[in-house]
Amino acid sequence: MAGEEGAIREAARQRPDARHDPRLDWWRDAKFGMFIHWGLYAIPAGTWKGQQILGIGEWIMYRARIPVREYEQLAKQFNPVQFDAAEWVSLARRAGQRYLVITAKHHDGFCMFDSKVTDYDIVDATPFGRDPMKELAAECARQGVRLGFYYSQTQDWHHPDGDGNDWDYDEGAKQFDRYVREYVAPQVRELLTNYGPIALIWFDTPRRMTPEQSRLLADLVHELQPQCLVSGRIGNQVGDYAEARDNAIPDTAVDMDWETPATINDTWGYKSYDHNWKSPRELVHKLVDIVSKGGNYLLNVGPAAEGVIPEPSVERLLAVGRWLETHGESIYGTRAGPLQGLGWCRTTQKPGKIFVHVLEWPQGGELRLPDVGRPVTGAALLDDPAQPLDLAPAAGGGLIIRGPATAPDPLDSVVVLATA
Ligand code: FHN
């Protein structure tokens with residue numbers, strides 16, 4: 001965990017005048033999204049020429065310094081015939097995720113959409129020949145999930161002028177500004193022209209982006225689709241919302257609209273041997289922790305090359321979704337809670353209600369809460385509202401609530417306080 005300063009890089013902070021922008025209202029209420037990292041890197045899945053490559057799966061080209069001409073060959077094998085957009089979107093929906101963000105282009109430069117700006121894309125360069133972004137856009141519209149595109153605007157290890165590849169190209173000879181204007185901008189235009197309404201563009205790793213380049217791209221997005229949001233990692237504090245570091249959660253509430261992108265195991269792109277899955281309980285606790293501090297949780301899945309989301313991810317997402325079915329009221333549409341910095345519980349709130357998320361249920365069921373700053377008129381478990389819980393003022397201030405002796409929910413039990 002890190003404080004706000006540590007959890008959110010300065011360049012990825014929210015544009016100050018976006019803090020009360022109503023275009024973000026749906027996003028502020030959504031709280032939970034699905035991140036999908038999917039690309040050619042799913043084929044090697046963490047192993048190159050018989051060697052397991054250290055680090056996150058989608059970085060294999062960089063980590064193994066794979067020459068462009070060699071990495072490109074992967075496209076000829078990419079044939080994810082098991083990809084089913086309806087299934088992916090339905091999984092997000094059943095997990096309770098209200099938006100979905102997928103890699104249209106990651107740092108390896110391979111375009112997972114049909115681009116006219118290059119042939120290095122899934123329609124032109126693979127036997128698959130389909131545009132999964134088109135299929136996802138149609139399904140998201142049908143199933144009511146908002147769609148966003150991840151787009152790596154700075155790093156592009158395939159493009160001679162993109163940032164990052166110094167094993168094929170001479171860094172000093174790169175014309176980065178030309179790449180932004182003549183390659184990135186036209187591709188962002190394609191993404192915002194050919195796929196219907198797009199909820200957000202998730203730019204990443206700003207690195208050498210100048211304020212002018214960040215603004216150029218943000219302005220382009222807003223010109224093409226005024227409602228479309230821009231992630232904080234466009235850089236230079238130009239984004240519509242702040243982006244925390246990967247898997248980082250601030251210590252207490254942050255006065256910004258912000259999001260934590262997070263892995264479900266230890267990689268974003270599929271790695272065949274990463275089995276370090278977080279448990280459903282850990283995932284619910286992270287969701288609650290983030291939401292209690294005013295943030296959104298963008299939880300990643302890394303589908304395999306055949307187009308299938310790994311089963312351990314599916315099981316965990318469905319478990320979180322089941323918890324949300326009965327506890328969603330304490331998450332969606334809430335704001336950061338009045339009590340911050342307590343170890344055993346987190347709070348979220350809506351007008352007239354405070355939700356106390358008891359992460360560690362005390363033995364015997366007696367909950368001692370510090371003063372919540374306003375009169376409390378009643379308490380009940382969220383999943384048993386007809387049964388009021390005993391409520392008494394504590395001697396030195398605050399409240400004592402008497403709940404059941406053992407945790408009513410194994411993942412997170414929620415007590416609702418009615419407030420004046
Ligand atoms: O370098 C990327 C990484 O591969 C992944 O996409 C994450 C997701 O937040 N972003 C960058 C590192 O912060």
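The mean positions of the 44 positive and 58 negative charges of the protein lie 2 Å apart. In this count Lys and Arg are positive and Asp and Glu negative, while His and the chain ends are not counted; the place of a charge is taken as NZ of Lys, CZ of Arg, CG of Asp or CD of Glu. The model is predicted, so local features need pLDDT of at least 70 and side-chain atom pairs count only at pLDDT 80 or more, whereas totals for chains, interfaces and linings use all residues. Residues are numbered from 1 along each chain as its sequence is written, and side-chain values use heavy atoms, with hydrogens and water left out.

The secondary structure comprises 11 helices and 19 strands, where helices (H or I, at least four residues) and strands (E, at least two) are DSSP runs numbered from the N terminus. The radius of gyration is 23 Å, close to the 22 Å that the globule rule gives for 420 residues, so the protein is as compact as a globular protein of that length. This radius is taken over C-alpha atoms, and the globule rule is 2.2 Å times the number of residues to the power 0.38. Along its principal axes the C-alpha trace spans about 70 × 40 × 40 Å.

Of the 420 residues, 59% count as buried; buried means under 20% relative accessible area, exposed over 50%, and partly exposed in between (1.4 Å probe, protein chains only). Among contacts (heavy atoms within 4.5 Å) with a separation of 6 or more, 71% join residues 24 or more positions apart.

Helix α5 (residues 85-94) contains the buried residues A85, W88, V89, S90, L91 and A92. These buried residues pack against β1 (32-36), β4 (99-105), α7 (132-143) and α11 (311-327). At the start of α5, a side-chain oxygen of D84 reaches to within 3.1 Å of the backbone nitrogen of A86. The helix is followed by G96, whose phi is positive, near 85°.

The loop between α4 (68-71) and α5 holds K76, which counts as exposed at 59% relative accessibility. The side chain of K76 makes a polar contact with that of Q73 at 2.7 Å. A polar contact is a pair of N or O atoms within 3.5 Å; within protein, one must be able to donate a hydrogen and the other to accept it, and residues adjacent in sequence count only if both atoms are side-chain atoms. Leaving aside residues up to four places away in sequence, K76 touches A125 and P127. The C-alpha atoms of K76 and T205, 129 residues apart along the chain, are separated by 28 Å.

Another lysine, K174, is found in the loop between β5 (146-151) and α8 (176-191), and counts as buried at 10% relative accessibility. Its side chain reaches the backbone oxygen of N165 at 2.9 Å and makes a polar contact with the side chain of E171 at 2.7 Å. Beyond residues up to four places away in sequence, K174 touches P160, D161, G162, D163, G164, N165, Y169 and R208.

Strand β12 (residues 345-350) includes Q349, whose side chain reaches the backbone oxygen of A336 at 2.7 Å. With residues up to four places away in sequence not counted, Q349 touches T334, R335, A336, G337, P338, I354, F355 and R374.
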